[in-house]
Amino acid sequence: MLCIVFEILYVHLKNAHRNWSDFWMSVSLNRSYNLPLNLAGRAFVLSFFFFFFTDVFDEIKCIHLSLFLEEERRMSHMGFRCLEISRWVICGLIGILTGLIACFIDIMVEKLAGCKYQVIKETCDEPIAAGSGIPQIKCYLNGVKIPRVVRLKTLLVKVLGVICSVAGGLAVGKEGPMIHSGAVVAAGVSQGRSTSLKRDFKMFEYFRRDTEKRDFVSAGAAAGVSAAFGAPVGGVLFSLEEGASFWNQMLTWRIFFASMISTFTLNFFLSIYHGKPGDLSNPGLINFGRFESDSVAYYYYELPLFMGMGAIGKVYLGVALHMKMSKFNVSVCVRYVHRPCLQVMEALLVAAVTATVSFTMIYFSNDCQPLGPEHNEEYPLQLFCADGEYNSMATAFFNTPERSVRSLFHNQPGSYNPLTLGLFTLTYFFLACWTYGLAVSAGVFIPSLLIGAAWGRLCGILLIWADPGKYALIGAAAQLGGIVRMTLSLTVIMVEATGNVTYGLPIMLVLMTAKIVGDYFQEGLYDIHIKLQSVPFLHWEAPATSHWLTAREVMSSPVTCFNRIEKVGTIVDVLSNTSTNHNGFPVVVQVLDSDEPAKLCGLILRSQLIVLLKHKVFVELARSRLSQRKLQLKDFRDAYPRFPPIQSIHVSQDERECMMDLTEFMNATPYTVPQDTSLPRVFKLFRALGLRHLVVVDDENRVIGLVTRKDLARYHLGKHGLEELQLAQT
């Protein structure tokens, strides 16, 4: 049935959009250089709202309007309907494939964990895909192109790496990498081809542009959260809160559809694996278990205790230390442990230390619990305990992290000794800090939940009258919220994962308190990692004390400009200049019979110029070859996203003397701002419209500078006021 649907879609799309390609053109209402100042301001407001609510990037669609309009005129009503159907089909495929990947990871971790348990019981009982990938996906959705972040090879390494890391006993989780995996699936499926495999399936060609690709990656990230936690609504809110920079109603529906399909697919195949076909009550990769109705009660006098756990108890102290250790670990790895052999040796060292510390803690632990009929541990280990007993410390260390969290939530009071919980919390905390900076697939969600659940249960035990499981849940939410600084999405994820809305208010209070207290002292873990990698990430708002800065002070100048009809040799020399790596070039025109300086008339991208040089779109050739094929949108799409380097394009000496007319291919209506525009205003324009280049002009519409993402992202509000950061130059 699915194949028939694809065939129908393909036929309609092929007939309706025969010459589609990647259109990178921005349609702007603001021609400030042709309007009086008051009218220009009104045009700017109209263009702002138009682009904000239609979710259109400026620089990503920068091919001349005539090509797009010509294509749109040939498009029938059925063609537009097929495009919308294709978007829903892609979101469904994203959900299905993400669910299958989650199912594969879960089954393999279960199998390997069972093998590890049997080995321990029988013998002891007498690369680029490193990290969780969430900071990288967050940067990608923010508009930053991270190399190889959504490649097929990255997905394969991520899946195999997280299986081995979790099953091997490292202090990591598989939920974070699932978000990255879903994003990679979305980026691949939505393009209808694989550049890694060099296979083009001639499907979904219209979506081969950055704006569409980012929307689908948002859906993939949400599907990953949905598969990981069994929380479709939480996945949508995660993508909104932490991922997507641009949002609209239709995108929300499609992302929710992908999340729903992902959860359904995971549940369906897990039901078959567990021998209960059709039983769709399985949650995501992590099952917090349901809190019984008689144990979920809480009272008004406990709310200050919950908030205290978020503000004073281990959240600030633990999270601050976690941030500093992770920051130190990552910075050391980036500077010194950058060779693959050293990264492998470091991972082996951490694995050896983790195993040694775990067995040492178990050996000196005397927390032996009776193995009675009410016992619900799947992997009980007797290590150094009498017959009929199991070692609680061994259960905490050698269970999968998800099972350990569930055990801390639901085990009967008295199942854990306070000393065991205290030692486990400290030990696992330092191991998690060390492990998170390794070059292995590792998530921070579950280790944070496990650490928080451990000290939360300890608080519940010390209170004597309290239910330890209830405080374990609050501690887990506080720890994770203090590290990742999520509020809305994490509240819904926790409520959906526990299957009980009763704790909604306490979880909200704890997460808000943890975020407020944490933000006062330090940024979240993901933001710290983004800063360590010197990525030009744009936050939601400009620094509060930056109103005194203007576009003149933050812009890059002087600017390399091209004439509307430019010499090919000049273009080749500019693109080949290794000292500069500009991606956008203003196009200027000289008024005939006038001595006035050239004025701005458009903007063209490096990628467009490379395609034009590759196809030798020169004025002389166009005149001499009347039968020459006209450059189409498909030519730009075929080159996306890996445009060839300028060094691979051969231009003869005679061709260097030819001229190239940029009029048909440039963005004739680029966004411009006066040189006295304040930084917050420039920042809002960049952030709301997803710009990559903003031309700064004077009163006569002459180019005096160019504002890029790096020019804005380097300003940061630190402890000593407005600070200027050093960003990566690549």
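Predicted model: local features only at pLDDT ≥ 70, side-chain atom pairs only at ≥ 80, totals over all residues.
Residues are numbered from 1 along each chain as its sequence is written, and side-chain values use heavy atoms, with hydrogens and water left out.

Two packed helices are described by the angle between their axes and the distance between the axes. Helices (H or I, at least four residues) and strands (E, at least two) are DSSP runs numbered from the N terminus; axes are lines fitted to C-alpha atoms, for helices over the stretch in contact, and angles run from 0 to 180 degrees between N-to-C directions. Helix H8 (residues 210-229) packs against helix H10 (residues 249-273) at an angle of about 35 degrees, and their axes are 8 Å apart. The crossing of H8 and H10 is right-handed, a term for the near helix being turned clockwise from the far one by less than a right angle. Contact (heavy atoms within 4.5 Å) involves residues including Asp215, Ser218 and Ala219 in H8, and Leu251, Ile255 and Ala258 among those in H10. The residues of this contact comprise eight nonpolar, five polar and one charged. Here Ala, Val, Leu, Ile, Met, Phe, Trp, Tyr, Cys and Pro count as nonpolar, Asp, Glu, Lys and Arg as charged, and the others, Gly among them, as polar.

Helix H19 (residues 488-498) and helix H20 (residues 504-521) cross at roughly 145 degrees, their axes coming within 10 Å. This crossing is also right-handed. Leu490, Thr491, Met494 and Val495 in H19 meet Gly504, Ile507, Met508 and Leu511 in H20; six of the contact residues are nonpolar, two are polar and none is charged.

An open sheet of mixed pairing has three strands in the order E10-E11-E12, where two strands pair if DSSP finds at least two bridges between them. Strands E10 (672-674) and E12 (703-708) stand at the edges with a single partner strand each, so one side of each lacks a neighbour in the sheet. On average, neighbouring strands are turned by 35 degrees against each other, direction ignored. E10 pairs with strand E11 (residues 693-697) in the parallel sense over three bridges, and Pro674 stands opposite Val697 in E11. Helix H28 (residues 679-689) lies across E10, E11 and E12 and runs at about 145 degrees to E11.

With a disulfide taken as a pair of cysteine sulfur atoms within 2.5 Å, the count is zero. Cys658 is buried at 13% relative accessibility, whereas Cys459 is partly exposed at 28%; buried means under 20% relative accessible area, exposed over 50%, and partly exposed in between (1.4 Å probe, protein chains only).
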